[in-house]
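Let's take a walk through this structure together. Have a look at the sequence and the model first, and then we will go through it step by step.

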Amino acid sequence: MSTPKLFQQYKLGRMQLQRRVVMPGLTRNRAERDGIVTDTIVEHYRMRAAVPGTFLRTEATYVLEQDAGLPWRGLPGIWNDEQTAAWKKVRKTLLARGNRVIQLICGTTRLLVPFTQRDRLFSARYGRLDV
């Protein structure tokens, strides 16, 4: 019996995947108030990549501080060097085990004026939204 296609190798761009199964990004909301991923997050990704060759997509990671909204939300970012260094720990952990990872970049500037601006949401299509 042959191996089902789902579990066969697959070439995605320049990446050779061991199987066609990909872990989707999961919003964890466990970053520190300043958007820095913690050792808990590193462990979260390490556990999900226990089998070498796993392909993971990270949770939504914000590139601009104002896109992340309220600081208590625990949303990770890459808008400063400290945050980028913390994400490098995740990447290093995954790559050391022979896994593949891509960063899910998130930006909402066009859709939303952050809560930090007088607790208002603003939609590019509908204008101000009362919340």
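In which hand of crossing does H1 pass H2? The model here is a predicted one, and in it the crossing of H1 past H2 is right-handed. The two helices pack with their axes 9 Å apart, at an angle of about 25°. Angles under 35 degrees count as roughly parallel, so H1 is roughly parallel to H2.

Now zoom in on the place where these helices touch. From H1 come Asp39, Val42, Tyr45 and Arg46, and they meet Trp87, Lys89, Val90, Thr93 and Leu94 of H2. Sorted by class, this contact is made of five nonpolar, three charged and one polar residue.

Some of those names come back in the interior. In soluble globular proteins, nonpolar side chains tend to be buried together. In this model, the largest nonpolar core has 14 residues. Those with the most contacts inside the core are Val37, Ile41, Tyr45, Leu56, Trp87, Val90 and Leu94. Two elements, helix H1 (39-48) and helix H2 (81-96), each give two or more residues to this core. H2 gives the most, with four residues.

Which residues is Trp87 in contact with, leaving aside its neighbours within four places in sequence? They are Val37, Tyr45, Thr58, Glu59, Thr61, Pro76, Gly77, Ile78 and Gln103.

One more stop remains on the tour.

Definitions and conventions:
Residues are numbered from 1 along each chain as its sequence is written. This is a predicted model: local features need pLDDT of at least 70, side-chain atom pairs count only at pLDDT 80 or more; totals for chains, interfaces and linings use all residues. Side-chain values use heavy atoms; hydrogens and water are left out. A nonpolar core is a set of buried Ala, Val, Leu, Ile, Met, Phe, Trp, Tyr and Cys residues joined through side-chain atoms within 4.5 Å. Buried means under 20% relative accessible area, exposed over 50%, partly exposed in between (1.4 Å probe, protein chains only). Contact means heavy atoms within 4.5 Å. Axes are lines fitted to C-alpha atoms, for helices over the stretch in contact, and angles run from 0 to 180 degrees between N-to-C directions. Angles under 35 degrees count as roughly parallel, over 145 as roughly antiparallel, 65 to 115 as roughly perpendicular and the rest as oblique. A crossing is left-handed if the near helix is turned anticlockwise from the far one by less than a right angle, and right-handed if clockwise. Ala, Val, Leu, Ile, Met, Phe, Trp, Tyr, Cys and Pro count as nonpolar, Asp, Glu, Lys and Arg as charged, and the others, Gly among them, as polar.
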